[in-house]
Amino acid sequence: MSERPNGLTYAQAGVSIDAGNALVERIKPLAKSTRRSGSEPSLGGFGALFDLKAAGYDDPLLVTTTDGVGTKLKVAIETGLHGTVGIDLVGMCVNDLLAQGAEPLMFLDYYATGKLDVEAAAAVVAGIAEGCRQAGCALVGGETAEMPGMYAEGDYDMAGFCVGAVDRDKVIPRLGDQKEGDILVGLASSGPHSNGYSLIRRIVERSGLAWDAPAPFAEGKTLAQALLEPTRIYIKTVLPHLKAGRIKGLAHITGGGLIENPPRAIADGLVPRFDWNAWAMPPVFDWLARTGGVSDHEMRRTFNCGIGLVLIVAPDDLPDVLEGLVRDGEDAFVVGELATA
């Protein structure tokens, strides 16, 4: 094909194919580091294959999730601290799989920006790979979209997509098995995870603190570092109890907090009865509540308030569940019980 005089190029339109190729080369080793049985991560193709039989499944159901990181990304963008938001992206997806009893198998990401900054994007993908390693799933592919005019300078957004599997007889919630008196077990969160950051950013603005100021609630960290604490990923500690049939239901505490999420895992006619004095809210939430003048109800319907997952467990199974979770490094504690509506 002949060249035309004064012809435009894609680069002149604001899209660098060379930068995209450079990013792919940077992240290929990251994808390979997430290799697991059933998958052979290889970036650059048009799709990814996964061998369920090699992963040990005979009669599985597939479970899919998708999520993002929300306006927590604004904190990363404004401070240049991009290294952990990829963990958040994975965490928000894979923890949702647990609510169906599923194990995460493969993960894909979508990263969109106005002008591709290879260093920032590589830092984000490094976080995604770390999240996949924590979750035991393979980073099998993704998409990087450079779209001039769609985003302000330096801005980016991303979404995650995860596929998991669960044996047919291990699907939860087991609504028919739930009873009044079943125990609610809370697993401690690492902080706000990836929810409520539009409110958090307003509270920070009201506080007058800069992002690089010492965090009033976390010694040795700046405010940005403390608020960018990544989402805790619970896969490896909770899956053994799911596979053993000890969990009747599970709620991932995301947007909607402790008010909206638990009922999604509970049978009709039953309600969660929380003992709000059973745990101490971590300092970050006390600071947010005081500085923002946020009511208890608003805190509970916006944030996880220190609890990342709520498990529904029969009283007879409670000792095994608590002992196992604590042994594996979780801060797990009873937070209430199921009651009749």
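**Close-up views of a predicted model**

**View 1. Contacts of Asp88 in the predicted model.** Asp88 touches Val69, Lys72, His193, Ser194, Glu229, Pro230 and Thr231, leaving aside residues up to four places away in sequence. Asp88 is part of helix H3, which spans residues 85-98. Its relative accessibility is 0%. Buried means under 20%, so Asp88 counts as buried.

**View 2. The open sheet of five strands.** The strand order is E6-E8-E5-E9-E7. Pairing in this sheet is antiparallel. Strand E6 (249-252) and strand E7 (270-274) stand at the edges. Each has a single partner strand, so one side of each has no neighbour in the sheet. Neighbouring strands are turned against each other by 30 degrees on average, direction ignored. Strands of a sheet pair through backbone hydrogen bonds, either parallel or antiparallel.

**View 3. The pairing of E6 with E8.** Strand E8 covers residues 307-313. E6 and E8 run antiparallel and are joined over four bridges. Within this pair, His252 stands opposite Leu309 in E8.

**View 4. Helix H3 across the sheet strands E6 and E8.** H3, the helix that holds Asp88, lies across both E6 and E8. H3 runs at about 160 degrees to E6.

**View 5. Helix H11 across E5, E8 and E9.** H11 comprises residues 318-327. The helix lies across strand E5 (183-188), E8 and strand E9 (332-340). Relative to E9, H11 runs at about 150 degrees.

How values were computed. Residues are numbered from 1 along each chain as its sequence is written. This is a predicted model: local features need pLDDT of at least 70, side-chain atom pairs count only at pLDDT 80 or more; totals for chains, interfaces and linings use all residues. Side-chain values use heavy atoms; hydrogens and water are left out. Helices (H or I, at least four residues) and strands (E, at least two) are DSSP runs, numbered from the N terminus. Buried means under 20% relative accessible area, exposed over 50%, partly exposed in between (1.4 Å probe, protein chains only). Contact means heavy atoms within 4.5 Å. Two strands pair if DSSP finds at least two bridges between them. Axes are lines fitted to C-alpha atoms, for helices over the stretch in contact, and angles run from 0 to 180 degrees between N-to-C directions.
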